[in-house]
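Reader: Please take one part of this model and go through it closely. I would like a helix and the aromatic contacts that go with it.

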Amino acid sequence: MNKEINTNLVVIGGGPAGYSAAFRASDLGIKTILIEKSKVLGGVCLNSGCIPSKTLLHFARFLQEYQEFMDLNIILKKPKFDLKNLKIWKKSIIKKMNNGLNILSSQRNIQIIHGNASFLNQNTIIVNDGINTNYFINFKHIIIASGSRSIKLPYIKSSDKRIWYSQDALKIPFIPDRMLIIGGGIIGLEMATVYSSLGSVVDVIESSNTILPSVDIDISSFFMKIIKEKFNLMLKSSLQSIDFLKDKILVKIKNKNIIKKIYYDIILVSIGRFPNTDSLKLNNTEVQLNEQKYIITDQQCKTNVSHIFAIGDVSGHPMLAHKGIYEGHIAAEVISGKNHFFDTKIIPNICYTDPEVAWVGITEKEAEKNNIPYAVSIFPWNISGRAHASNSSLGKTKLIFNKNTKQIIGGIIIGRNAGELLGEITLAIEMGCDVSDISLTIHAHPTLYESISSSSKIFEGTVTDLLNIK
């Protein structure tokens with residue numbers, strides 16, 4: 001059965017970027033149809049990415065804090081947890097948010113069609129619902145928010161159930177005795193945090209000589225020193241061979257010209273993500289892609305075809321939900337006639353491990369590279385009363401200022417709740433705050449966020465919580 005529909009706007013993809021664009025467009029009075037290939041809204045982020053991973057990371061942190069109190073002989077019994085109920089709890093959170101999106105869509109009168117979309121031409125798409133209906137949708141504008149998927153290694157048998165990708169790991173089929181994670185990026189590190197807390201022996205293999213290459217080396221080195229007690233990180237290492245035996249996977253790993261043979265129960269592949277552009281049949285349009293198959297857009301999220309927009313992962317790095325949400329609002333506003341642009345100075349980044357690593361703005365190495373006169377100010381958490389009171393003394397707050405203007409241009413925090421603390425620094429950079437704007441603002445005591453004020457005072461030479469070397 002075929003159905004033809006005419007509409008002002010179509011949004012392909014019901015993830016954070018897509019549903020945010022659709023909701024904003026509807027609020028602006030634009031008749032909108034939202035296309036989502038799965039049965040629920042939320043995309044990878046809600047259903048098999050951000051939300052389930054942060055749910056499990058929250059539980060992992062609870063287990064870690066429990067262990068810390070056991071080490072102090074305050075709690076005397078080892079914790080026992082029910083894996084089945086853990087999964088039920090995780091699913092209940094996802095379902096609650098799925099229902100919330102459905103309610104918001106209904107309240108906005110947004111038509112949702114579940115199916116796979118592809119272009120027939122620059123003004124029509126076809127959506128197959130997988131049952132017996134083809135929808136031919138003619139549109140004035142379209143926003144592509146089709147997201148991304150895990151990159152697979154071509155030499156690994158994807159059919160073997162012992163090979164996991166991030167969406168598999170988040171289902172927690174079971175807790176393996178020993179797990180190998182290929183890739184030391186944010187997703188790999190977060191999954192290492194989860195599974196090591198749940199009881200797995202975890203090895204993370206990374207071909208480069210560092211992790212979190214976007215942050216300064218002093219922070220990444222500090223981070224690696226902390227996590228080495230939780231899981232094993234193998235830098236400058238490479239896979240030599242993988243043999244799928246009956247009960248185990250035999251992996252040969254080369255590190256410093258030494259080849260080790262290690263048996264694993266599970267291999268988790270976490271080497272990045274690839275944009276979902278290949279199934280859209282963009283060859284039926286004039287939309288341009290770059291060499292990595294990302295859709296090329298301008299600051300208004302427009303492609304080279306003026307009525308076709310692209311947002312979120314499909315339009316390139318950074319592949320972050322909050323970047324996609326921001327772009328979704330911009331695209332909808334531009335379509336409504338507003339002259340808005342994606343002109344934010346900065347995009348925050350967070351690695352939700354334990355401890356968390358959060359950074360925003362210009363790093364020290366970027367300042368050096370771009371010949372920016374800068375000064376660094378670091379406040380160690382081991383002199384923070386709040387940090388000690390919450391077993392969080394392993395942390396640092398690092399601020400970067402322009403030496404001439406005294407404006408804050410960057411910040412990196414490592415420690416528990418670093419992602420939440422980053423908010424003040426992000427706003428300060430966007431607002432063009434200088435050091436006195438922060439240091440002269442009273443911060444509550446005792447808190448972790450007063451480390452931002454203390455770091456500013458170190459730069460000014462007014463700090464009293466440690467020896468004032470200025």
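Author: What follows is a look at helix α6 and the aromatic rings around W164. The model is predicted: local features need pLDDT of at least 70, side-chain atom pairs count only at pLDDT 80 or more, and totals for chains, interfaces and linings use all residues. Residues are numbered from 1 along each chain as its sequence is written, and side-chain values use heavy atoms, with hydrogens and water left out.

Helix α6 covers residues 186–198; helices (H or I, at least four residues) and strands (E, at least two) are DSSP runs, numbered from the N terminus. From first C-alpha to last, its 13 residues reach 19 Å, close to the 18 Å expected at 1.5 Å a residue, where the expected span is 1.5 Å times one less than the number of residues. Because 10 of these 13 residues are buried, α6 is largely enclosed by the rest of the structure. Buried means under 20% relative accessible area, exposed over 50%, and partly exposed in between (1.4 Å probe, protein chains only). Among the buried residues are G188, M191 and Y195. Just after the helix, G199 has a positive phi of about 125°.

Y195, at 0% relative accessibility, is buried. The model has nine aromatic pairs: rings of Phe, Tyr and Trp (its six-membered ring) pair if their centres lie within 6.5 Å, with planes under 30 degrees apart stacked, over 60 edge-to-face and the rest tilted. W164 and F174 form an edge-to-face pair, 5.6 Å centre to centre with 70° between the planes. W164 is in strand β8, while F174 is in the loop between α5 and β9, 10 residues apart. W164 is buried at 3%, whereas F174 is partly exposed at 35%. The rings of W164 and Y195 have centres 5.8 Å apart and planes at 50°, so this pair is tilted. Since W164 lies in β8 and Y195 in α6, the pair ties together parts that are 31 residues apart in sequence.
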